[in-house]
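Here is a short tour for a reader meeting this structure for the first time. Start with the overall layout, then follow a few places along the chain.

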Amino acid sequence: MCSHYVEVEPGEVKRFLDDRIEFKLWAAHRHLDKLEKIEQSYGGIMGKNRIYAEDELDCYFAQIIGAKDSLLMLINGNLKLNIPEDKVTLKTVSEKLEKIDKQEIIDELNALNCDRNSWYWILRKLRNRSIHVSILRKQAKVNVGTVPSIVKNYLLSPPDYNIPMEKETIKFLTESLTNMINLIERTREKVNNMDGTEYSGPRQ
């Protein structure tokens, strides 16, 4: 999983600070770890502790989406696409790569971005919605035999996604981070094959 992103050895601090993508993935996992601790300590992420859960959730979204943005910046720089920093988006990078016949570098990201059922599309929409409203609103109590009811938390579905969120909040966020790490690793390997830059992969 992603547990290697929570703690950083003193000797590896420079690597994380020099590699903005790795730093943001580490930061996203750190916020997810805090969210898990809130759930474990209070038996859920709603109630009086909700303000802290909202804080960690917003930070998680900012960092995990930021990792994707940093990936686009890396592609722009390493392949010398010469897109101004404030204009670097998936669209502008795709257009430049297509002109130099290197579109395959981000084919996977483009496909996920267009697939309404993909983890990335849902993640992006949830992040956009969380900017202006709370998405920690859905919970269900589940009775298991004689065991006291267990509270399960779910994120509110994006407005243009009509299917209820099936996975609990922590599980969805954990899987999304794992998916993002793997997507970025595959994409960076493609970039390396194009520009010859050495990339050792995420820290194990």
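## Overall layout

The protein chain contains 7 helices and 2 strands. Both are DSSP runs, numbered from the N terminus: helices are H or I runs of at least four residues, and strands are E runs of at least two. Along the sequence, the order is α-α-α-α-α-α-β-β-α.

This is a predicted model, in which local features need pLDDT of at least 70 and side-chain atom pairs count only at pLDDT 80 or more, while totals for chains, interfaces and linings use all residues. Residues are numbered from 1 along each chain as its sequence is written, and side-chain values use heavy atoms, with hydrogens and water left out.

How much of the protein chain is buried? The figure is 46% of its 204 residues. Buried means under 20% relative accessible area, exposed means over 50%, and partly exposed lies in between (1.4 Å probe, protein chains only). The protein chain exposes about 11,200 Å². Carbon and sulfur atoms supply 49% of that area. Accessible areas come from the Shrake-Rupley method with a 1.4 Å probe; for residues, only the protein chains shown count as cover.

Contact means heavy atoms within 4.5 Å. Among contacts in the protein chain with a separation of 6 or more, 58% join residues 24 or more positions apart.

## Helices H5 and H6

Helix H5 covers residues 107-114. Helix H6 covers residues 119-130. Their axes come within 6 Å and cross at roughly 60°. Axes here are lines fitted to C-alpha atoms, for helices over the stretch in contact, and angles run from 0 to 180 degrees between N-to-C directions.

Which residues make the contact? H5 supplies Leu109, Leu112 and Asn113. H6 supplies Trp119, Tyr120, Trp121 and Arg124. By class, there are 5 nonpolar, 1 polar and 1 charged residues. Ala, Val, Leu, Ile, Met, Phe, Trp, Tyr, Cys and Pro count as nonpolar; Asp, Glu, Lys and Arg count as charged; the others, Gly among them, count as polar.

Leu126 is found in helix H6. Is Leu126 buried or exposed? Leu126 is buried, at a relative accessible area of 0%. Leaving aside neighbours within four places in sequence, Leu126 is in contact with Phe61, Ile135, Leu155, Leu156, Pro158, Met165 and Phe172.

Arg129 also lies in helix H6. Not counting residues up to four places away in sequence, Arg129 touches Ile135, Leu156, Ser157, Pro158 and Pro159.

| Pair | Apart in sequence | C-alpha separation |
|---|---|---|
| Leu126 and Pro158 | 32 residues | 5.7 Å |
| Arg129 and Pro158 | 29 residues | 6.9 Å |
| Cys59 and Arg30 | 29 residues | 9.6 Å |
| Glu166 and Leu155 | 11 residues | 9.1 Å |

## Loops and backbone

Two loop residues have a positive phi. Phi of Asn82 is near 60°, and Asn82 is not a glycine. Asn82 sits in the loop between helix H3 (50-78) and helix H4 (90-99). Asn82 is exposed, with a relative accessible area of 67%.

Asp101 has a positive phi of about 60°, and is not a glycine either. Its place is the loop between H4 and H5. Asp101 counts as exposed at 64% relative accessibility.

Glu166 is in another loop, between strand E2 (147-154) and helix H7 (169-195). Glu166 counts as exposed because its relative accessibility is 70%.

## Cysteines

How many disulfides are there? The count comes to 0, taking a disulfide as a pair of cysteine sulfur atoms within 2.5 Å. Cys59 lies in helix H3. Cys59 counts as partly exposed, at 25% relative accessibility. Cys114 counts as exposed, at 63%.
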